[in-house]
Amino acid sequence: MTSAPLAARLTDAAGPLFFPVTAYGPDGGIGLEAFRAHVRAGVDAGAAAVFACCGTGEFHALTPQEFGQVVAAAVEETAGAVPVVAGAGYGTALAVQYARIAEESGADGLLAMPPYLVAAGQEGLLAHYTALAAATSLETIVYQRDNAVFTPETVLALARTPGIIGLKDGYGDLDLMQRIVSAVRTGLPDGDFLYFNGLPTAEFTGLAYRGIGITLYSSAVFAFAPDIALAFFRALADGDDEQVNALLDHFYRPLVELRAKGRGYAVSLVKAGVRLEGLDVGTVRTPLTEPPAEHIGELAAIIAAGRALLEKHRTEEDA
């Protein structure tokens, strides 16, 4: 665990937020050495934080014991250089159990994912996340998506809850997000609350979210092409519209269109990309399935096109 508060370290994030995949060995068990190498490479490449065992890391597929092992490995590999945030989910009792394992394993914070299966009302959702935040000393980010979509009033209540520091939006309703930002800004004028763009391939909607003041985002691309993800992050921060639009048009849009060709590709396609880059992290666990060879070939071509753009940009800058 790092000493500085998680909220402060994420507020001034100087690089993409890294969501590593969870590695599995040939026997299907956790591949801790490959996972450690994956985390170490991401930190060395410029990640501002490591979000372990979250959606991209197949939280849903991990036993509590495996979860603790993976979080502890991430903490050890980062060695305090960047914060480690761990996923927590399911119903309240299990979410609390995972949160406590994360705390025991040295994590700096939690990403609280939607409760399993049920479609709860706002009162129940608020009670769930309040209980989760109170269960440990870890700072908590609430993940809005699927069956956990909040009204502005509920988000204001979450923002007033001790231990809850932010909202990650994976729902994608910009009208709702603008109303949420406004409600918290007016209802909590002296408080700081973080917002994250958590849509799959979040870079593709980065300009839109930046328009309502949301600059933090999760980068699945950073897991397999950190050079491209970091170049986009810097171009977006620097206002380099030419580079941003070139990457959107010729890398991110083709990637988003490929991702739409298969269910679960927000995870399995990312894992395939990590393997393409030379690190054997195994395949996804069921019920997810692997992309066919045709789609993996398309992914390789998209990555190559992205790197060609980076080289072209470097050449033009040197000219």
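Author: A salt bridge is a side-chain nitrogen of Lys or Arg within 4 Å of a carboxyl oxygen of Asp or Glu. This model is predicted, and it holds 14 salt bridges.

Reader: What makes Glu58 and Lys271 a salt bridge?

Author: Their side chains come to 2.8 Å, N to O. The cut-off is 4 Å, so the pair qualifies. The two residues belong to distant parts of the chain, 213 residues apart: Glu58 sits in the loop between strand E2 (49–52) and helix H3 (64–78), and Lys271 in helix H11 (residues 265–276). Glu58 and Lys271 are both buried.

Reader: Why can the pair of Asp227 and Arg307 be said to tie parts of the chain together?

Author: The side chains of Asp227 and Arg307 meet in a salt bridge at 2.7 Å, N to O. Asp227 is in helix H9 (residues 226–238) and Arg307 is in helix H12 (residues 293–318), so the bridge joins parts that are 80 residues apart in sequence.

Reader: Why is Thr78 called buried?

Author: Buried means under 20%, and Thr78 has a relative accessible area of 4%, so the word applies. Thr78 is part of helix H3. Apart from neighbours within four places in sequence, it is in contact with Val39, Val43, Val50 and Val84.

Reader: Helix H3 also packs against helix H4. What makes six of the residues in that contact nonpolar?

Author: H3 and H4 (residues 92–104) pack at about 35°, with axes 9 Å apart, and their crossing is right-handed. H3 gives Pro64, Phe67, Gly68 and Val71, while H4 gives Gln97, Tyr98, Ile101 and Ala102. Pro, Phe, Val, Tyr, Ile and Ala count as nonpolar and Gly as polar. The contact therefore has six nonpolar, two polar and no charged residues.

Reader: How do you know that strands E1 and E8 pair?

Author: Pairing takes at least two bridges, and two bridges join E1 to E8, so they pair. They run parallel, with Phe18 opposite Ser219 in E8. Two bridges also join E1 (residues 17–18) to E2, again parallel, and Leu17 stands opposite Ala49 there. On E8, strand E7 (residues 194–197) is joined by two bridges as well, and Tyr217 is the bridge partner of Asn197.

Reader: What do these strands make up?

Author: They belong to a closed barrel of eight strands, E1-E2-E3-E4-E5-E6-E7-E8, with parallel pairing. In E8 (residues 216–219), Leu216 and Ser218 point one way, Tyr217 and Ser219 the other, and all are buried.

Terms used. Residues numbered from 1 in each chain as written. Predicted model: local features only at pLDDT ≥ 70, side-chain atom pairs only at ≥ 80, totals over all residues. Heavy atoms only, no water. Helix = DSSP H or I, 4+ residues; strand = E, 2+ residues; numbered from the N terminus. Buried < 20%, exposed > 50% of the residue type's maximum accessible area, 1.4 Å probe, protein only. Axes fitted to C-alpha atoms, helices over the stretch in contact; angles between N-to-C directions. Left-handed = near helix turned anticlockwise from the far one by under 90°. Contact = heavy atoms within 4.5 Å.
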